Amino acid sequence: MTSQEFQQIAHTIPHQPGIYKYFDGQKELLYIGKAKDLRKRTSSYFTKTFTNYKTHELVQRIRSIEFTITDSEADAFLLENSLIKQFKPRFNIDLKDDKSFPYIVIKKEPFPRIFLTRMKINDGSEYLGPFTSVAKVRELLTFIKQNVALRTCKLNLTQANIQKGKFKVCLEYHLGNCKGPCEALQSVQDYADALNQVRNILKGNIQPVIQHFKAEMMQHATNLDFEKAEWMRRKIEHLETYQARSVIVSKHLSNLDVFSILKDGDTAYVNYLMVYNGTIVQTHTVRVETKLEESEEEVLPIAILQLRETFNSLAREIIVPFEIDFTVAGTVVTVPKAGEKKKLLDLSIKNVNYFTEELKKKKTLQLEGKTDLQKKAVLYQLQQDLQLSEVPVHIECFDNSNFQGSYPVSAMVCFKAGIPSKQDYRHFNVKTVEGINDFATMKEVVFRRYSRLQREDQPLPQLVIIDGGKGQLSSAMESIRQLNLSGSLTVVGLAKNEEEIFFPGDKESIKLPWDSESLKLIRRIRDEVHRFGITFHRQKRSKGTFKNELENIKGIGKSTAEQLLKEFKSVKNIQLKSEEELAKVIGLSKAKMVKEHFLQTRSNSA
């Protein structure tokens with residue numbers, strides 16, 4: 001859909017909150033988004049300068065738009081999340097959490113048993129959890145067995161069967177682990193009280209259990225049953241030791257959900273701490289794959305909603321590292337600056353950083369742990385899968401990057417014998433391309449790289465991967481042909497969304513098996529070029545290397561320029577805004593400076 005085509009239907013889209021859906025020509029759902037103002041949000045896709053290849057690709061595919069009006073932005077947020085989970089559109093954020101979490105089930109039956117399960121079925125039983133660790137669940141069940149007397153047998157303990165005397169107590173009764181409901185030695189109410197103690201233990205709420213056991217101990221002592229009183233005293237001591245080992249943050253805090261996020265290229269990592277009565281009862285980190293280079297502020301609310309739903313959180317306060325657009329009835333979002341809540345947030349940040357570092361170490365160890373024979377096997381497999389004439393011992397991969405639709409840079413990484421050859425990595429400041437043009441940029445950097453290798457008589461790679469679609473691949477091939485290198489190396493394009501591999505001139509792509517070693521190697525190379533390119537971009541920005549057109553306006557500094565770009569997304573959009581619209585962001589005097597500059601520029605160019 002072109003900008004002109006969109007303008008023809010724009011008047012049919014209301015200025016109201018809701019969700020919108022983008023479809024391609026085959027009515028396949030591409031993307032679901034939420035908006036405070038549906039018309040304003042959808043129109044931004046067709047008027048702003050594209051900041052990345054994926055957004056460009058999405059807009060190129062849109063053929064129709066559907067929308068649903070909601071009562072509020074909060075309702076739009078909830079509906080968006082629900083529809084994304086239901087339809088999983090290819091351009092939406094993908095929360096990668098392939099774990100099958102364990103639960104503790106209180107079975108719906110007379111004198112219910114409790115046990116570990118991964119299958120949550122609709123059978124009327126009570127499921128507690130989920131928990132993030134099977135080992136933790138087993139430890140909890142062992143602890144419960146040591147302190148709360150519950151049956152473990154599978155007998156059908158109906159009142160009729162018990163009254164008929166069908167059962168006899170077993171060894172568990174004589175060991176003190178069961179009170180013998182099978183012979184009517186324990187009442188239904190007493191058993192229900194024991195289950196309540198289990199629920200409290202699983203929530204980390206140990207104090208009510210201790211109080212319950214203390215009351216029992218005093219009752220036994222009053223009845224001069226000192227052996228049972230001593231037995232209860234030992235249980236209380238065990239519970240107090242367990243409570244001391246728990247991660248207690250503060251006795252003054254109630255129930256909280258704490259979240260932090262770390263973004264690395266197209267992947268974000270979100271850590272979740274569930275705090276119950278001042279004690280951390282759950283901790284979990286998930287990986288989120290972004291599709292349209294969404295910011296941390298856009299990713300975090302979606303992850304929060306899904307994690308709270310997964311872990312059945314009812315906490316009314318959410319702790320986060322920065323302001324987010326998250327409005328759910330009954331919850332308050334807090335960005336702490338100091339105190340106990342800030343310490344909790346710092347702990348979450350520490351967890352997410354540790355998780356990502358361990359992930360990197362694991363990948364490195366997996367790679368380094370492969371024998372030379374295994375590494376060669378992967379390369380031979382890649383040769384076979386892509387039908388290459390040579391084993392790709394030397395592989396290079398290119399990727400483009402830009403900021404706010406401006407200042408393009410490129411990166412190239414090199415892998416030799418299946419491992420990174422970091423001394424051969426290269427950054428490129430784009431020299432010959434005006435504005436944002438991914439195709440021309442790719443053509444330039446590929447030409448510069450291989451013309452230099454030719455001049456220095458350096459060996460060429462067997463395989464070159466262009467991280468982009470057919471357009472960027474075609475542009476790279478123009479440089480390869482210009483350098484007379486056709487046939488000297490193989491160049492392929494890697495489509496960013498579907499991980500499809502394209503050869504020059506081919507209409508059909510190659511899709512390698514998702515779990516194949518060949519695709520894992522290609523993914524690793526792609527992730528490395530993303531990391532390397534983004535790191536370079538951040539370094540350039542932090543050093544003030546990028547100076548946009550706005551900063552050239554007399555009286556407009558870097559801070560004001562960033563305010564404008566954050567609000568209006570691109571210099572082109574700023575040019576189109578009225579003085580009044582600009583004044584709302586930067587004030588009237590600066591707005592006049594900006595408008596006068598662009599009017600003068602337009603006059604000079606005319």
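**Side-chain contacts**

Analyst: Starting with two tyrosines: both Tyr-20 and Tyr-45 are buried, where buried means under 20% relative accessible area, exposed over 50% and partly exposed in between, with a 1.4 Å probe and protein chains only. Phe-259 and Tyr-272 form a stacked aromatic pair, 4.7 Å centre to centre with 5° between the planes. For such pairs, rings of Phe, Tyr and Trp (its six-membered ring) need centres within 6.5 Å; planes under 30 degrees apart are stacked, over 60 edge-to-face, and the rest tilted.

User: Before we go on, what sort of model is this, and which pLDDT is needed?

Analyst: This is a predicted model: local features need pLDDT of at least 70, side-chain atom pairs count only at pLDDT 80 or more, and totals for chains, interfaces and linings use all residues. Residues are numbered from 1 along each chain as its sequence is written, and side-chain values use heavy atoms, with hydrogens and water left out.

User: OK, back to the rings. How many aromatic pairs are there in the whole structure?

Analyst: The search of the whole structure gives 16 aromatic pairs. Tyr-20 and Tyr-45 form an edge-to-face one, with 6.1 Å centre to centre and 65° between the planes. That pair links distant parts of the chain, with Tyr-20 in strand E1 (residues 18–23) and Tyr-45 in helix H2 (residues 38–47), 25 residues apart. Helices (H or I, at least four residues) and strands (E, at least two) are DSSP runs, numbered from the N terminus.

User: Which cluster do ring pairs link Tyr-20 into?

Analyst: Ring pairs join Tyr-20, Tyr-22, Tyr-31 and Tyr-45 into a cluster.

User: And Phe-259 and Tyr-272, buried or exposed?

Analyst: Phe-259 counts as buried at 0% relative accessibility, and Tyr-272 counts as buried at 1%.

User: Which residue lies over the face of Phe-23?

Analyst: Lys-27 does, at 4.5 Å from the ring centre. The rule there is NZ of Lys or CZ of Arg within 6 Å of the ring centre and within 35 degrees of the ring normal.

User: Switching to charges. How many salt bridges does the count come to?

Analyst: The count comes to 22 salt bridges, each being a side-chain nitrogen of Lys or Arg within 4 Å of a carboxyl oxygen of Asp or Glu. One of them joins the side chains of Asp-123 and Lys-107, at 2.9 Å from N to O. Asp-123 lies in the loop between strand E6 (114–117) and strand E7 (126–128), and Lys-107 in the loop between strand E5 (103–106) and E6, so the pair ties together parts that are 16 residues apart in sequence.

User: How accessible are Asp-123 and Lys-107?

Analyst: Asp-123 counts as partly exposed, at 26% relative accessibility. Lys-107 counts as partly exposed too, at 24%.

User: What about Arg-308, which residue does it form a salt bridge with?

Analyst: Arg-308 forms a salt bridge with Asp-257, and the closest N and O atoms are 2.6 Å apart. This pair links distant parts of the chain: Arg-308 is in helix H11 (residues 296–310) and Asp-257 in strand E8 (residues 256–264), 51 residues apart. Arg-308 counts as buried at 11% relative accessibility, and Asp-257 counts as buried at 0%.

User: Which residues are linked with Glu-109 in a network?

Analyst: Glu-109, Arg-113 and Arg-151 are linked in a network of salt bridges.

User: And Arg-526, what does its side chain meet?

Analyst: The side chain of Arg-526 meets that of Asp-527 in a salt bridge, 3.0 Å from N to O. Arg-526 is buried, with a relative accessible area of 14%, whereas Asp-527 is partly exposed at 35%.

User: Backbone now. Which phi does Phe-111 have?

Analyst: Phe-111 has a positive phi of about 50°, although it is not a glycine. Phe-111 lies in the loop between E5 and E6 and counts as buried, at 7% relative accessibility.

User: Where does Ala-184 lie, and what is its phi?

Analyst: Ala-184 lies in the loop between helix H7 (171–174) and H8. Its phi is near 60°, a positive value in a residue other than glycine. Ala-184 counts as exposed, at 55% relative accessibility.

User: Last one: where is Val-594 found?

Analyst: Val-594 is found in helix H20 (residues 588–605) and is buried, with a relative accessible area of 0%. The C-alpha atoms of Val-594 and Ala-583 are separated by 9.9 Å, and the two residues are eleven apart along the chain.
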